[in-house]
Amino acid sequence: MKFTSSAPLALLALATSTSAWSTASVRSIRSVPATILHGYSTETAGESATESFRLSFTEGESTISPWHDIPLKGGAEGTYNAVIEIPKMTKAKMEVATKEPNNPIAQDMKKGKLRDYHGPIFWNYGCIPQTWENPNEEHPELKCFGDDDPIDVVEIGSKALAMGTVAEVKPLGVLAMIDDGELDWKVIAIATDDELASEYNDIDDVPDAVKDGIREWFRWYKTPDDKPLNGFGFDEKWLDAKSAGEVIEETHDAWKKLRSGEIEAGKLWTGSN
């Protein structure tokens, strides 16, 4: 499917000055302190923008998994940790490598090629640790199964957060995206240290332009590759902060079953298989 409207094109248009890796990239850095909680650090291996690049997480002298070892919840009540995979205004499709030991961040591959968005993403994007969207469980209302990944989070604060940042965030709402028939929840959240955090407490506090922009970006972003538009459940509405918390807790329960071995992990690396 090709774009037929200038509005989606504008959402995905890439400014000529924007590269696949922002100035916050780690092209020449081999070991950097992470701007994150609990004294974690990040280390890189391989060249950025290549198949070999990995950003791993350490605590003290030990390598840890950002998916399994970083806590679900933040320090304040009602907050969660978000692992930032893709800083705002960058294109490289980075993600926690769920099938590799210790789950470093790597650039996604498809058909032997590194994946980049066709235009920058306008928010910080990542995942919430210790969650999992169960591909074996059908949602009772949406009638589709989870996408086999940690739950995604879109952080809408004013700052670009570096890849590997673990930010304490406050969930504001959640959107049920249907991607190729799979349920792929998108939690909208804001970092608790952001200047707007005191103003944003629920989904109705978020400007419509931001909510609509996120939904349309995710609706259209695969179409330059002749992929169909993504759809959304619940009449395409954002669910509120309470619902977001419930979805996070449900995916945390699924993760606990995965980690304990109650659910077969398959090719996923859980640290216990």
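Two notes on the basis before I start. Residues are numbered from 1 along each chain as its sequence is written, and side-chain values use heavy atoms, without hydrogens or water. As the model is predicted, local features need pLDDT of at least 70 and side-chain atom pairs count only at pLDDT 80 or more, while totals for chains, interfaces and linings use all residues.

Salt bridges first. By that I mean a side-chain nitrogen of Lys or Arg within 4 Å of a carboxyl oxygen of Asp or Glu. The structure has 15 of them.

Take E100 and R54, where the closest N and O atoms are 2.9 Å apart. E100 sits in the loop between β7 and β8, and R54 in strand β3, residues 54–59, so this bridge ties together parts 46 residues apart in sequence. Helices here are DSSP runs of H or I with at least four residues, strands are runs of E with at least two, and both are numbered from the N terminus. E100 is partly exposed at 26% relative accessibility, and R54 is partly exposed at 22%. For these words, buried is under 20% relative accessible area, exposed is over 50%, and partly exposed is in between, with a 1.4 Å probe and protein chains only.

The next bridge joins K73 and E249, with 3.7 Å between the closest N and O atoms. K73 is in the loop between β4 (62–64) and β5 (80–86) and E249 is in helix α3, so the parts tied together are 176 residues apart in sequence. K73 is partly exposed at 47%.

Helix α3 also holds both E246 and K242, 4 residues apart, about one turn of the helix. Their side chains meet in a salt bridge of 2.7 Å, N to O. K242 counts as exposed at 59%, and E246 as partly exposed at 38%.

There is also a network of salt bridges, which links D212, R215, E216, R219 and E236.

Now the aromatic rings. How many aromatic pairs does a search of the whole structure find? It finds 8. Rings of Phe, Tyr and Trp (its six-membered ring) pair if their centres lie within 6.5 Å; planes under 30 degrees apart are stacked, over 60 edge-to-face, and the rest tilted.

W185 and F234 are stacked, because their ring centres are 6.3 Å apart and their planes at 25°. W185 is in strand β16 and F234 in the loop between β17 (231–232) and α3 (241–260), 49 residues apart, and the pair links distant parts of the chain. W185 is buried at 5%; F234 is partly exposed at 24%.

W217 and F218 are edge-to-face, 5.1 Å centre to centre with 75° between the planes. Both are buried: W217 at 0%, F218 at 1%.

E195 lies in the loop between β16 (182–191) and α2 (208–220), and is exposed at 62%.

Last, the backbone. N102 has a phi near 65°, positive in a residue other than glycine, and lies in the loop between β7 (94–96) and β8 (105–107). K111 has a phi near 55°, again positive and not glycine, in the loop between β9 (109–110) and β10 (113–114). N102 is partly exposed at 25%, whereas K111 is exposed at 81%.
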